[in-house]
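Work through the exercises below with the sequence and the model at hand. Each task is followed by a solution in steps.

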Amino acid sequence: MLELKNISKNYKDKKVLMNINLNIQPGEIVSLLGPSGCGKTTLLNIILGLTQQTNGQLLYNGQDISNQSMRDRGFNIVFQDFALFPHLNAYDNIVYGLKNIKEAMSKMEVQEYIDFLELTPHLHKKIHELSGGQKQRVSIARTLVMQPKILLLDEPLSALDGVIKESIKERIQSIARQFNLTTIIVTHDPEEALTLSDKVLIINEGTVSQFGTPQEILHTPENQFVEDFILRQLHIKRHNIYQLFGESYA
Amino acid sequence: MLKTNKMMKLIFLPIIFFFIFFLIVPLLYMFWQSLKKGKAITIQNYVETLQNVEIRDAFLNSFQVSLVAALITTIIAFLLAYAVHFTTMHRSTKKLVQVGITLPMLLPTITYGFVLIYTFGNQGIMTKIFGQPLFTVYGFNGLLIGYVLYTLPVAFILMQNSMQYIDKRFLLVSMLMHDRPLRRFYHTVLRPMLGTIGGAFILSFVLSFTDFGIPASVGGGYKVIATELYQAMLGSIVHFERGAVISIFMLVPAVLGVVMLTILERFNFQYKQVSKSDLVVHRLRDVMFTVFSWVCVGAVFIMFSTIFIVPLTKGYPYDFSFTLEHVKNVLAEQGLKQVYMNSLIVAVLTAVLGVGVAFVAALLNVRTPLKGKKSLDLASMITNTVPGMVLGLSYLFFFTGSSLKGTFLIVIACNIVHFFTTPYLMAKNSLQKMDPTWEVTAELLKDSWLKTVIRVILPNIRPTIYQMFSYYFLNAMVTVSGVIFLVSTKTMLVSTRIKELQHFAKYTDIFVLSIFILCTNLIVKLGCDYIATPKEKTKEHTDEKINSNDVRYS
């Protein structure tokens with residue numbers, strides 16, 4: 001379980017995050033949702049250990065990790081643009097980190113991940129020969145073979161085309177179920193957040209606007225911001241789609 | 001899609017004729033000369049030249065000293081660029097490196113030699129400090145230091161451009177993957193830089209190999225190929241055929257260099273985007289790189305302070321009291337003032353006409369469907385390969401007896417061709433980044449093509465134009481090797497005059513003239529930089545198409 005207690009972050013005089021409290025259960029998918037500049041990426045970096053919080057505590061399974069280095073925490077991240085090494089092929093990217101850990105997984109186990117992500121036909125391709133979705137999966141595989149305690153995803157769908165988006169969504173969900181892996185996702189898209197995750201943390205101007213399941217957020221929005229920012233968008237989308245298909249599909 | 005029109009063809013023709021007349025034909029003519037003996041066509045000249053022990057030695061010497069210089073330059077340039085881009089040393093130190101290291105570019109290479117003599121020679125500052133000369137400055141040592149000073153700015157600029165476009169976030173990925181420092185260095189810095197490192201090495205080698213200014217001043221008895229070529233053409237006994245042969249030999253490493261660069265291209269790859277990531281603070285590393293940077297910049301400063309100390313003191317190195325007498329003497333001398341004016345005229349005209357040629361060539365290549373436009377790329381490749389001395393010599397052969405001989409025009413034409421590659425590629429880069437639909441849009445709005453160029457393209461490429469101008473001007477001001485065979489008494493330039501003053505041991509005058517060049521260049525460079533930078537600094541790198549491997553010779 002990951003606990004955030006009163007996390008705050010200031011850059012000089014500017015308050016970026018204020019008193020964030022959050023509990024994330026093992027195997028849960030949690031989205032951090034909010035408009036750009038709300039502080040969600042900063043929060044992600046604080047969890048990862050890349051950015052030091054100004055105040056507050058982080059606990060992982062009851063143990064205080066507030067001052068632990070990024071390396072020692074053992075969490076890992078998949079970047080928005082995947083950050084794959086351009087001079088290595090897909091396979092070498094996937095096994096890149098294995099050389100660095102003592103109790104690395106065996107070739108068989110790596111192959112299991114590769115099969116699971118359906119990457120076998122692409123292993124010897126160069127990075128620029130892969131499609132967006134394939135790059136995404138290679139990047140996820142590279143991170144998973146490091147056996148992270150928590151998987152962080154930074155805007156995982158924003159670099160992908162429409163159809164691929166839906167299949168990657170399912171993929172992320174099945175990874176979390178299969179490996180009972182706690183997954184934290186940053187996104188600015190309400191639809192993405194609500195359809196993908198077990199719980200959603202809505203952030204606005206550095207504070208928690210609402211934290212709950214997608215159902216709770218849809219049915220009992222706690223404030224005006226959630227209604228304006230989250231629900232209105234979804235209503236417009238729903239309206240447009242109904243119009244396209246005709247009301248009979250409602 | 002834009003269609004070819006008359007106007008395009010009309011401006012394409014003069015450009016193509018210019019390159020045929022001032023590049024292709026002179027080179028071919030020189031090659032022809034190298035095969036002629038009396039009236040026969042033979043390879044006898046080559047055989048004779050190769051049998052000449054002195055020339056063979058000179059060739060080997062050139063090879064040796066250039067190789068060592070290139071090696072040292074590449075290592076120092078890499079470390080300095082690394083310090084600027086991959087350490088958290090203080091911002092002012094980074095700025096200092098960026099400015100200090102590139103300062104020597106504003107001076108003719110021939111000045112470097114005299115600077116070295118006055119720093120390390122018998123009367124040098126270092127010699128005074130240490131009581132005895134640290135090493136003999138004439139010959140190998142002087143050449144080595146001179147070449148390093150000369151090629152370091154270009155190698156450094158190359159490396160730092162390339163490093164700027166390395167995605168720093170890979171450092172973070174590497175840390176998350178638990179890499180040890182050595183593996184991190186390999187995958188995030190060294191591997192992405194391999195192509196550029198190779199490029200910088202080859203570039204430094206070829207520049208050193210073909211430079212004339214440095215060996216002309218500190219070469220001493222150590223014969224190198226550039227001085228042999230000068231001797232063959234303008235020495236006491238003239239051997240035209242031998243000169244032609246030597247310059248063909250001089251072309252060989254340059255051509256090989258270009259071939260190798262093409263091969264090295266395979267090592268380069270482009271990052272789709274460049275994201276900024278905070279660099280990890282590492283005290284020891286930062287302190288070490290700061291010290292190294294200061295030492296390098298300090299060395300450059302100390303050496304170049306000589307240029308100011310010598311002419312501004314009464315009797316260097318015995319009487320260090322300040323005086324303006326030497327400067328006044330130079331200013332009073334009609335000849336020297338005239339020479340300075342000549343340089344200024346040549347530099348301005350080179351820059352104006354050169355920018356015109358380079359811009360039009362790039363425009364036709366990038367933004368028109370003109371047939372035969374690829375020939376312009378070929379021209380740029382050839383000008384990149386041919387060393388200045390070789391080009392100048394080919395003019396000497398070809399234009400002897402014509403009315404162009406001894407005019408400013410021939411000097412300017414030589415400069416425009418010699419330094420064509422870089423401004424041309426600068427213009428090409430900018431033009432490629434512009435929206436490809438502009439011409440069609442303007443046509444739909446009833447603009448003619450020429451009007452579109454003037455109303456849309458030109459205003460948008462202005463900053464690049466200033467940079468091109470500054471590049472041409474600076475190089476025209478400092479070049480020695482390109483024009484040494486072309487200047488007459490009427491068209492004498494500052495840089496070539498320095499070569500003459502050497503014979504009369506008028507070193508104070510040399511330094512005064514060098515200060516003139518330095519100041520002129522500084523003013524032009526700062527002026528161009530100032531008007532070229534947009535007033536608000538909101539530059540985004542992320543969407544830029546990245547080309548980290550433009551390696552150019554001149």
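A residue is buried if 20 or more other C-beta atoms lie within 10 Å of its own, exposed if 12 or fewer, and partly exposed in between, with C-beta atoms placed from the backbone. Helices (H or I, at least four residues) and strands (E, at least two) are DSSP runs, numbered from the N terminus. The model is predicted: local features need pLDDT of at least 70, side-chain atom pairs count only at pLDDT 80 or more, and totals for chains, interfaces and linings use all residues. Residues are numbered from 1 along each chain as its sequence is written, and chains are lettered from A and ligands numbered from 1 in the order in which they are written.

**Exercise 1. Strand β7 of chain A**

Task: Determine how many residues of β7(A) are buried, and which way they point.

Solution. 
Step 1. Strand β7 of chain A covers residues 150–154.
Step 2. Five of its five residues are buried, so β7(A) is largely enclosed by the rest of the structure.
Step 3. Ile150(A), Leu152(A) and Asp154(A) point one way from the strand, and Leu151(A) and Leu153(A) point the other way.

**Exercise 2. The open sheet of chain A**

Task: Give the order of the six strands in the open sheet of chain A, then trace the pairing.

Solution. 
Step 1. Two strands count as paired if DSSP finds at least two bridges between them. Strands of a sheet pair through backbone hydrogen bonds, either parallel or antiparallel.
Step 2. The order is β6-β7-β8-β3-β9-β10 in chain A, with mixed pairing.
Step 3. β6 and β10 (207–212) of chain A are the edge strands; each has a single partner strand, so one side of each is left without a neighbour in the sheet.
Step 4. From one strand to the next, the twist averages 20 degrees (axes are lines fitted to C-alpha atoms, for helices over the stretch in contact, and angles run from 0 to 180 degrees between N-to-C directions).
Step 5. Three bridges join β6(A) to β7(A) in the parallel sense, and Leu153(A) in β7(A) is the bridge partner of Val78(A).
Step 6. β7(A) is also parallel to β8(A), over five bridges; here Ile150(A) has Thr182(A) as its bridge partner.
Step 7. Between β7(A) and β8(A) the chain passes through helix α6 (residues 162–178) of chain A, in a right-handed β-α-β crossover. Right-handed is the term if, with the strands pointing away from the viewer, the path from the first strand over the helix to the second runs clockwise.
Step 8. β8 (residues 182–187) of chain A is joined by five bridges to β3 (residues 29–33) of chain A, again running parallel. Leu33(A) stands opposite Thr187(A) in this strand pair.

**Exercise 3. Pro317 of chain B**

Task: Which residues is Pro317(B) in contact with, leaving aside its neighbours within four places in sequence?

Solution. 
Step 1. Two residues are in contact if their C-beta atoms, placed from the backbone, lie within 7 Å.
Step 2. Pro317(B) lies in the loop between β3 (313–315) and β4 (319–322) of chain B, and with 15 C-beta neighbours inside 10 Å it counts as partly exposed.
Step 3. The contacts are Gln123(B) and Lys128(B). Gln123(B) is 194 residues from Pro317(B) in sequence, yet 6.6 Å away in space, C-alpha to C-alpha.

**Exercise 4. Where the chains touch**

Task: How many residues of chain A are in contact with chain B, and which elements of chain A give two or more of them?

Solution. 
Step 1. 16 residues of chain A are in contact with 15 residues of chain B.
Step 2. The elements of chain A that give two or more residues are α2 (70–73) and β6 (76–78).
Step 3. This side of chain A has 10 nonpolar, four polar and two charged residues. Ala, Val, Leu, Ile, Met, Phe, Trp, Tyr, Cys and Pro count as nonpolar, Asp, Glu, Lys and Arg as charged, and the others, Gly among them, as polar.
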